[in-house]
Amino acid sequence: MNIWTWKRGRKLLSFLILTFAISACTDTLESSVVVYDNDFSTLDLKGFENGRLFIFQNDTIAGHYHNEEVSVKLENLPSHNMLKITTEILIHDSWDGNADDGLSGPDYWFFGIDDEEIFRTTFSNSPCESTYCLYQSFPNSYFRQNVPKSGSTRTNMPGLCIFGAFPNYTSRYTVSKIIRHQSSDVKIFWNSELRQDNSPDPKCDESWSLAKITVEALIVN
Ligand SMILES: [Ca+2]
Ligand SMILES: [Ca+2]
């Protein structure tokens, strides 16, 4: 066997081992039950801490929040070993994404369960030109450089406060994660670490709201 055949053979072997390892680890979804579904249209804040509702663009949502935690506690969940948590959020006004000027960012948004952070990202509603762009990490976790509003499901809404009179300054996103979890109770929390040191009213400069929360209890084997 010459060296090239040997190298090719070794490559093929590595590929086969990897393929086997991946297929051996493939999880099967045995069951999925929606255990919580709340778009706030029925004004339901049961189990919430720091929940408060307001109407934005004819939609009742929870917010708006700056750097403060909002959470919901769900109890008596059916048997499961994973939770799929899907949150629809609105990003209002002048978020600066990954800005690292020590003044206006990064603008982090994050969520977690039972006091453990699961996903941290940044959002940007800022203009993006070829010469200057404040990138965001979403749909990836921090740190990645994606253009502003990447992955958003809707962008044609006005801002809420400082850009309340301007179109395209609220962006809607769906954030969905599957998390290992077994206990019959869970606390889900959402929060942000926004930075706008040069603003007299940082909450007016940038804030966020919760529009819809869906939780599915999964059994995966
Ligand atoms: Ca800002
Ligand atoms: Ca900022």
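**Close-up views of a predicted model: disulfides and calcium sites**

Number the bonded cysteines of the chain in sequence order, and their pairing reads 1-2, 3-4. The structure shown is a predicted model. A search of the whole structure finds two disulfides. The legends below start with the chain, then take the disulfides and the calcium ions in turn.

**View 1. The chain as a whole.**
The chain has two helices and 12 strands. Along the sequence, the pattern is α-β-β-β-β-β-β-β-β-β-β-β-α-β. There are 221 residues, of which 44% count as buried. Among contacts with a separation of 6 or more, 68% come from residues 24 or more positions apart. The accessible surface of the chain is about 11900 Å². Carbon and sulfur atoms account for 52% of that surface.

**View 2. The disulfide of C128 and C133.**
C128 and C133 are joined by a disulfide, with a distance of 2.0 Å from S to S. Which hand does the link of C128 and C133 have? The angle about the S-S bond is -105°, and the link is left-handed. The two cysteines can also be described by their accessibility. C128 has a relative accessible area of 34%, so this cysteine is partly exposed. C133 has a relative accessible area of 13%, so this one is buried.

**View 3. The disulfide of C161 and C204.**
The sulfur atoms of C161 and C204 lie 2.0 Å apart and form a disulfide. The link of C161 and C204 is left-handed, with -95° about the S-S bond. This pair links distant parts of the chain, 43 residues apart. C161 sits in the loop between strand 9 (154-157) and strand 10 (170-180). C204 sits in helix 2. Is C161 buried or partly exposed? Its relative accessibility is 34%, so C161 counts as partly exposed. C204 counts as buried because its relative accessibility is 13%, and the cut-off for buried is under 20%.

**View 4. The calcium ion (ligand 1).**
Which protein atoms are the donors of the calcium ion (ligand 1)? They are S94 (O), S94 (OG), D96 (OD), Q196 (OE1), D205 (OD) and E206 (OE). These donors lie 2.3 to 2.5 Å from the ion. In sequence, the donor residues are spaced S-x1-D-x99-Q-x8-D-E. The angles among the six donor atoms run from 64 to 152°, and the site is irregular. The pair S94 and Q196 links distant parts of the chain, 102 residues apart. S94 is in the loop between strand 6 (82-93) and strand 7 (108-113). Q196 is in the loop between strand 11 (186-193) and helix 2 (202-205). S94 is buried, since its relative accessible area is 10%. Q196 is buried too, with a relative accessible area of 9%.

**View 5. The calcium ion (ligand 2).**
The calcium ion (ligand 2) is coordinated at 2.3 to 2.6 Å. Its donors are D96 (OD), S104 (O), D107 (OD), D107 (OD), R195 (O), Q196 (OE1), E206 (OE) and E206 (OE). In sequence, the donor residues are spaced D-x7-S-x2-D-x87-R-Q-x9-E.

**View 6. D96 between the calcium ions.**
How far apart are the calcium ion (ligand 2) and the calcium ion (ligand 1)? They are 3.6 Å apart. D96 bridges the two ions. Why does D96 count as buried? Its relative accessibility is 9%, which falls under the 20% cut-off.

**View 7. The surroundings of S104.**
Where in the chain is S104? It lies in the loop between strand 6 and strand 7. The side chain of S104 makes a polar contact with the side chain of D101, at 2.7 Å. Leaving out residues up to four places away in sequence, S104 touches D96, A99, R195 and Q196. S104 has a relative accessibility of 7%, so it counts as buried.

Notes: Residues numbered from 1 in each chain as written. Chains lettered and ligands numbered in written order. Predicted model: local features only at pLDDT ≥ 70, side-chain atom pairs only at ≥ 80, totals over all residues. Heavy atoms only, no water. Donors = N, O, S within 2.8 Å, 3.2 Å for Na, K, Ca; no water. Buried < 20%, exposed > 50% of the residue type's maximum accessible area, 1.4 Å probe, protein only. Tetrahedral: all angles 85-135°; square planar, octahedral: opposite > 155°, others 65-115°. Helix = DSSP H or I, 4+ residues; strand = E, 2+ residues; numbered from the N terminus. Disulfide = S-S within 2.5 Å. Polar contact = N/O pair within 3.5 Å; in protein donor to acceptor, adjacent residues only side chain to side chain. Contact = heavy atoms within 4.5 Å. Areas by Shrake-Rupley, 256 points an atom, 1.4 Å probe, with all protein chains shown as cover.
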